[in-house]
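Please keep the sequence and the model in view while reading the points below.

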Amino acid sequence: MKAHDDADLVRQCLAGNQRAYEALVRKYEKPIFNVALRMLRDRDDAMDVTQTVFVKAYEKLNLFDEKREFFSWIYRIAINESINLSKRDKRLDEYESGITAALAPTQEDQHSADALTEEINRAIEMLKLDYRMVIVLKHFHDFSYQEMADVLGIPEKTVKSRLFSARQQLKEILSGRGVTR
Amino acid sequence: MIDPNTIEIMNLKLDGSATESQRETLHRLLETDPEAREHFEALRTLVSRLSAHPHVEPPSELHPRIVAAVAGARVPHRTAGIGAWWSAILSPPRFRLATTFGLGLVTGVFLLAAVQFGRLGTWGSLQDVNPAQVSGTMAPALASELLGSIPVPETEAGVHGDVTVFGGPGETVAEVSFDPGTPVSWILEFDPAALSVTRVETPGRGYFAVSQGQVHGTYPGEGPQRIVFSGRVQPVESLVLKVVKDDRVVFERSARPSR
């Protein structure tokens, strides 16, 4: 489904068609949940944030600027909500072993999980929030520099700088943990 | 030591954003500088591994939770005014007769419903109950035994009200009531293993959303609102009321059994 379909669904929703909004929920609930999960490291928190994101987006739908992409708008809400929850819970600068459990695969996924994935997850969690955001958007959601700039509300140049620094830090963390090639 | 400009070009290359001249520069460097080559290989491996991370599947209960929560949310404003809608629908002359007939029919049904049910309902209040979560019949509530209550003191919740819990054979009814004139958002939590929502009743324009173990409601400023459950609440303390203001829970209390 393309961006103009999203805009069309938004228009339908504003015209009173709630099913149109459910279509947007279906399309974006998984990526938004994953953004929140990567940022917050906790499934329950990620679910709460995902729910809040869709409720807030719904209530503010009339403020959505159709010149923007809907996904940029809703991702931005998700990032902001995740940051808010992080700050509220004073988790910003924490690094705790529990994160591994939060991002650990469910039982059915465990067979395909490997130690490297675990190490990468741990390393991502050690990044500061600004760096974590760009890694999440770039590598888990395949955003372009421009899309990241739009979502995060920062210049593209800053996005690149953060992303490259984040990768450098990740490389060093993994190297320090003995995870090389 | 690799200079920052080279590291930037490496990153741009891996993201597919390097220019032709940047690619050529990097290619020459990698052919002659083992340190740069090693750095680039490590970076490429990292990017490749990061991008191979699959999305985690959200829990199955997430979607119904969102749908229920959205159903209880404020409806966004329409983009077009009623005047624009009205003129648009009437503008083709050949539609005027059909439109007039249709509106007359809708008005008739509406008035009939008002007479039948004794009050004017709204489509909004009907839509906001998630039908997938509601079951049962429209039989009158049998519950008459006072089981307990949840007083809501104004000093704690900023609004005065209460929830009164009645029981009957295989049925529990919670009546939610606040001081008139003040719309209030609330959540009533219950044990989904013991109770399931049969129906909800509200005067005026109240909203409800039912999800697993919770009923979200908006008190319309007149009451009471009634939530009818099939099943007998046991213990009555398992019913918990939360009052919500500005997306925050400002009051939370379990039901107290009556004496």
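1. The structure discussed here is a predicted model. Features described for single places in it rest on residues with pLDDT of at least 70, and side-chain atom pairs are counted only at pLDDT 80 or more.

2. Make-up of chain A. The chain contains nine helices and zero strands. Followed along the sequence, its elements give the pattern α-α-α-α-α-α-α-α-α. Chain A has 181 residues, of which 51% count as buried. Where contacts in chain A join residues at least 6 apart in sequence, 66% of them link residues at least 24 apart.

3. Extent of the interface. The size of an interface is often expressed as the accessible area that is lost when the parts come together. For chain A and chain B the buried area is about 4,300 Å², with 61% of it on carbon and sulfur atoms.

4. Polar links across the interface. Between chain A and chain B there are 14 residue pairs in polar contact, with both residues at pLDDT 80 or more. Three salt bridges also cross this interface. One of them joins the side chains of K30(A) and E57(B), at 2.9 Å from N to O.

5. Elements on the chain A side.

6. E29(A) is placed in helix α2 of chain A. The residue is buried yet has no salt bridge. The nearest side chain of opposite charge is that of R26(A), 4.7 Å away. The side chain of E29(A) does make a polar contact of 3.0 Å with that of H63(B). Leaving aside residues up to four places away in sequence, E29(A) touches T50(A) and F54(A) in its own chain, and L62(B), H63(B) and I66(B) in chain B.

7. K171(A) belongs to helix α9 of chain A. Is this residue buried or exposed? K171(A) is buried, and it has no salt bridge; the nearest side chain of opposite charge, E172(A), lies 6.4 Å away. With residues up to four places away in sequence not counted, K171(A) touches H39(B), A42(B), L43(B) and L46(B).

8. Salt bridges in the whole structure. Over all chains, the search finds 17 salt bridges. A network of salt bridges links R19(A), E22(A) and R26(A).

9. A salt bridge within chain A. D150(A) and R68(A) form a salt bridge in which the closest N and O atoms are 3.7 Å apart. D150(A) lies in helix α8 (residues 145-152) of chain A and R68(A) in the loop between α3 and α4 (70-88), so the pair ties together parts that are 82 residues apart in sequence. D150(A) is partly exposed, its relative accessible area being 26%. R68(A) likewise counts as partly exposed, at 26% relative accessibility.

10. A strand-to-helix salt bridge in chain B. R253(B) and E156(B) form a salt bridge, with 2.7 Å between the closest N and O atoms. Because R253(B) lies in strand β10 (residues 248-254) and E156(B) in helix α8 (residues 154-157) of chain B, the pair ties together parts 97 residues apart in sequence. E156(B) is partly exposed, with a relative accessible area of 43%.

11. A strand-to-strand salt bridge in chain B. The closest N and O atoms of E175(B) and R226(B), which form a salt bridge, are 2.6 Å apart. E175(B) lies in strand β3 (residues 171-178) and R226(B) in strand β8 (residues 225-230) of chain B, so this pair ties together parts that are 51 residues apart in sequence. Buried means under 20% relative accessible area, so E175(B), at 19%, is buried, whereas R226(B), at 22% relative accessibility, counts as partly exposed.

Technical notes:
Residues are numbered from 1 along each chain as its sequence is written. Chains are lettered from A and ligands numbered from 1 in the order in which they are written. Side-chain values use heavy atoms; hydrogens and water are left out. Buried area is the accessible area (1.4 Å probe) that two parts lose on being put together, summed over both. A salt bridge is a side-chain nitrogen of Lys or Arg within 4 Å of a carboxyl oxygen of Asp or Glu. A polar contact is a pair of N or O atoms within 3.5 Å; within protein, one must be able to donate a hydrogen and the other to accept it, and residues adjacent in sequence count only if both atoms are side-chain atoms. Helices (H or I, at least four residues) and strands (E, at least two) are DSSP runs, numbered from the N terminus. Buried means under 20% relative accessible area, exposed over 50%, partly exposed in between (1.4 Å probe, protein chains only). Lys and Arg count as positive and Asp and Glu as negative; His and the chain ends are not counted. Contact means heavy atoms within 4.5 Å.
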